[in-house]
Amino acid sequence: MTICHTADTTFAGDLKSEGLTLVNFWAPWCSPCRFFGTVLEAFDREHSSEVRILKVNVDEESHTASQFGVMSIPTTILFKNGDPVDKIVGAIHIEELKKFIANHKN
């Protein structure tokens with residue numbers, strides 16, 4: 001599976017998924033977002049069959065960001081079976097991301 005970009009109009013449909021979905025709120029001008037984007041790409045190469053990744057550009061899709069109370073970026077929300085279960089604010093390294101997701105696999 002590849003990382004998918006989603007929009008306000010398609011978010012609900014894109015999110016509906018069994019299992020885990022990681023939704024990353026970001027903007028192209030944000031340096032920490034660009035760093036974390038490379039972390040997400042590396043994670044996706046290893047774990048694409050386990051976790052779906054969606055990206056939301058907050059400059060273009062402000063409704064979805066507002067709906068989930070995103071106040072700073074990058075913010076990443078983990079959904080399990082379509083429901084939000086946990087959130088990371090800021091950029092983290094891949095090992096931290098793996099631990100974050102492992103805590104919610106069961």
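**Order of elements**

I traced the protein chain from the N terminus and read its elements as β-α-β-α-β-α-β-β-α. I counted four helices and five strands, taking both as DSSP runs numbered from the N terminus, with helices (H or I) of at least four residues and strands (E) of at least two. I then looked up the radius of gyration, which is 12 Å and close to the 13 Å of the globule rule for 106 residues, so the chain is as compact as a globular protein of that length. The radius is taken over C-alpha atoms, and the rule is 2.2 Å times the number of residues to the power 0.38.

I note that this is a predicted model, in which local features need pLDDT of at least 70 and side-chain atom pairs count only at pLDDT 80 or more, while totals for chains, interfaces and linings use all residues. Residues are numbered from 1 along each chain as its sequence is written, and side-chain values use heavy atoms, with hydrogens and water left out.

**Whole chain**

I recorded a C-alpha trace spanning about 30 × 30 × 20 Å along its principal axes. Buried residues account for 44% of the 106 residues; buried means under 20% relative accessible area, exposed over 50% and partly exposed in between, with a 1.4 Å probe and protein chains only. I next looked at contacts (heavy atoms within 4.5 Å). Of those between residues at least 6 apart in sequence, 73% join residues at least 24 apart.

I looked up the charges, with Lys and Arg counted as positive, Asp and Glu as negative, and His and the chain ends not counted. The protein chain carries 10 positive and 14 negative side chains, and the centres of the two sets lie 4 Å apart. Each charge is placed at NZ of Lys, CZ of Arg, CG of Asp or CD of Glu.

**L22 in strand 2**

I located L22 in strand 2, residues 20-26. L22 counts as buried, at 0% relative accessibility. Leaving out residues up to four places away in sequence, I found that L22 touches L40, V51, R52, I53, L54, T76, I77, L78, L97, F100 and I101. I also checked K55, 33 residues from L22 along the chain, and found their C-alpha atoms separated by 8.4 Å.

I placed I73 in the loop between helix 3 and strand 4, and P74 lies in the loop between helix 3 (62-67) and strand 4. The peptide bond from I73 to P74 is cis, with omega near -5°. Most peptide bonds are trans. Beyond four places in sequence, I73 touches F25, W26, A27, W29, C30, C33 and V58. The C-alpha atoms of I73 and E95, 22 residues apart along the chain, are separated by 20 Å.

**T75 in strand 4**

I found T75 in strand 4, residues 75-80, and buried, with a relative accessible area of 2%. A polar atom of the T75 side chain lies 2.4 Å from the backbone oxygen of S72. Leaving aside neighbours within four places in sequence, T75 is in contact with V23, N24, F25, V70, K87, I88 and V89.

I noted N81 in the loop between strand 4 and strand 5 (83-89). N81 has a positive phi of about 55° although it is not a glycine. Most residues other than glycine have a negative phi. N81 is partly exposed, with a relative accessible area of 46%.

Definitions and conventions: Polar contact = N/O pair within 3.5 Å; in protein donor to acceptor, adjacent residues only side chain to side chain.
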